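Dear colleague,

Please find the structure below, handed over for your own work. My notes on it follow directly after.

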Amino acid sequence: KLSPAGEELLLLAELKPGRPHQFDWKSSCETWSIAFSPDGSWFAWSQGHCIMKLIPWPLEEQFIPKGFEAKNRSSKNETKGQGSPKEKMLDCGQIVWGVAFSPWPSPPSKRLWAHHHPQVPDISCLVLAMGLNDGQIKIWEVQTGLLLLNVSGHQDVVRDLSFTPSGSLILVSASRDKTLRIWDLNKHSKQIQVLLGHLQWVYCCSISPDCSMLCSAAEEKSVFLWSMRSYTLIRKLEGHQSSVVSCDFSPNSALLVTASYDTNVIMWDPYTRERLRSLHHTQVDPAMDDSDVHVSSLRSVCFSPEGLYLATVADDRLLRIWALELKTPIAFAPVTNGLCCCTFFPHGGVIATEIRDGHVQFWTAPRVLSSLKHLCRKALRSFLTTYQVLDFLSNATACVSL
């Protein structure tokens, strides 16, 4: 038996689902999505049985293991009062597959909400979108728990959702009906475009932080990159040997990572198609191997908030943390059941993993002080594309040679 590389992460807290008595079918217990709000004040947890929980962050004391002092607990208790946010239970009527928070704060939204809920005041608000088993998308206001919109169009499960980071309330949905759809929630959930090209179920979608590009991955070996300006296919990335199931852009939009059932994560330059690095998930326990399903098949990959780390979860029941410049994990966490997704807390220091039976676990995540080089690179990439950077370097080299 092999030992996973790196140090073991500390378990900070755990959420366990209640099981409503009126549901008794096993499949409804499965959960597929978790998310932190962009400002870090809410955690969304699809806990199974068609229920979504909205939990204020940081967590209350009952979720924290004895002996662990949560960093923000004292400040939360001091500020907790009559106006404090309260946990909310959202009954969706269908199994929840994908969730996404809008950027914070979103623009004034009178046109969107007033048509459906005249009692909602004209203020900027945080919303949560949920993709359901029947192809519907439900839009909720987080602060009040009001259902604002039902968005229809997909013909099968809505597997993933992504808002544009710009705050324009443009929403992208990925579905088992083999399409991606673009919606403008500020125009009564108008469908802007249907993106066609995938031949299999679309598993995930990710919008680059600079809002220029959309990545989508389906039950296929290739990854599609779309323009968020013209909504046309820009290029395909070829390199995986099996279905790609997860994708994520780096915070500065310069890198793209994709995870596949072939046990590999590939890091790409999305502009040049260059394959920059591969991270291979070695088998930890040979006894777990199965001839039909490789136990190191990937399920999810995501960048840390500062862009210096990656987190992956695989079928060998391990969460792994990777430093971008290394080919082996720097940290890991073992779990007792199959993992389906992971996500970083937006301010760093914590990563959440969801297990298919509905449990959510929160782990320590590496903290790092970004180097001046990294900060300068991040600043440059906020307004320069890869092509502009390459042109700049080419011109600089030519000047030096003269």
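Strand 19 and strand 20 (residues 256-260) are antiparallel partners, joined over five bridges. Here strands are DSSP runs of E with at least two residues, helices are runs of H or I with at least four, and both are numbered from the N terminus; two strands count as paired if DSSP finds at least two bridges between them.

Two sentences on the basis of these notes are in order. The model is predicted, so that local features need pLDDT of at least 70 and side-chain atom pairs count only at pLDDT 80 or more, while totals for chains, interfaces and linings use all residues. Residues are numbered from 1 along each chain as its sequence is written, and side-chain values use heavy atoms, with hydrogens and water left out.

Strand 19 (residues 244-249) is mostly covered, with six of its six residues buried. Buried means under 20% relative accessible area, exposed means over 50%, and partly exposed lies in between (1.4 Å probe, protein chains only).

Strand 21 (residues 264-268) and strand 22 (residues 275-280) also pair in the antiparallel sense, over five bridges. Trp-268 has Arg-275 in strand 22 as its bridge partner. This hairpin has six residues between its strands, and Arg-273 takes a positive phi near 70° there.

Four strands make up an open sheet in the order 7-8-9-10, paired antiparallel. Strand 7 (96-101) and strand 10 (147-151) stand at the edges; each has a single partner strand, so one side of each is left without a neighbour in the sheet. On average, neighbouring strands of this sheet are turned by 20° against each other, direction ignored; the axes behind such angles are lines fitted to C-alpha atoms (for helices over the stretch in contact), and angles run from 0 to 180 degrees between N-to-C directions. Strand 9 pairs with strand 10 in the antiparallel sense over four bridges, and Ile-139 stands opposite Leu-149 in strand 10.

Gln-136 is located in the loop between strand 8 (127-132) and strand 9 (137-141). Is this residue, Gln-136, buried or partly exposed? With a relative accessible area of 23%, Gln-136 is partly exposed. Residues up to four places away in sequence aside, Gln-136 touches Met-130, Gly-131, Asn-150, Val-151, Ser-152 and Val-158, where a contact means heavy atoms within 4.5 Å. The side chains of Gln-136 and Ser-152 make a polar contact at 2.9 Å. A polar contact is a pair of N or O atoms within 3.5 Å; within protein, one must be able to donate a hydrogen and the other to accept it, and residues adjacent in sequence count only if both atoms are side-chain atoms. Asp-156 is 20 residues from Gln-136 in sequence, and their C-alpha atoms are 8.4 Å apart.

**Charged side chains**

How many salt bridges does a search of the whole structure find? The search finds four, a salt bridge being a side-chain nitrogen of Lys or Arg within 4 Å of a carboxyl oxygen of Asp or Glu. Among them is the pair of Arg-299 and Asp-315, at 2.8 Å from N to O. This pair links distant parts of the chain, 16 residues apart: Arg-299 is in strand 23 (residues 298-303), and Asp-315 is in the loop between strand 24 (309-314) and strand 25 (318-323). Arg-299 is partly exposed at 25% relative accessibility, whereas Asp-315 is buried at 16%.

Arg-320 forms another salt bridge, with Asp-316, the closest N and O atoms being 2.7 Å apart. Arg-320 counts as buried at 5% relative accessibility, and Asp-316 is buried with 6%. The side chains of Arg-181 and Asp-177 likewise meet in a salt bridge, at 3.8 Å from N to O.

Arg-159, in strand 11 (residues 158-163), is buried yet has no salt bridge; the nearest side chain of opposite charge, Asp-160, is 6.1 Å away. The side chain of Arg-159 reaches the backbone oxygen of Trp-97 at 3.4 Å. Beyond its neighbours within four places in sequence, the contacts of Arg-159 include Trp-32, Trp-97, Gly-98 and Tyr-203.

Yours sincerely

Definitions and conventions:
Lys, Arg positive; Asp, Glu negative; His and termini not counted.
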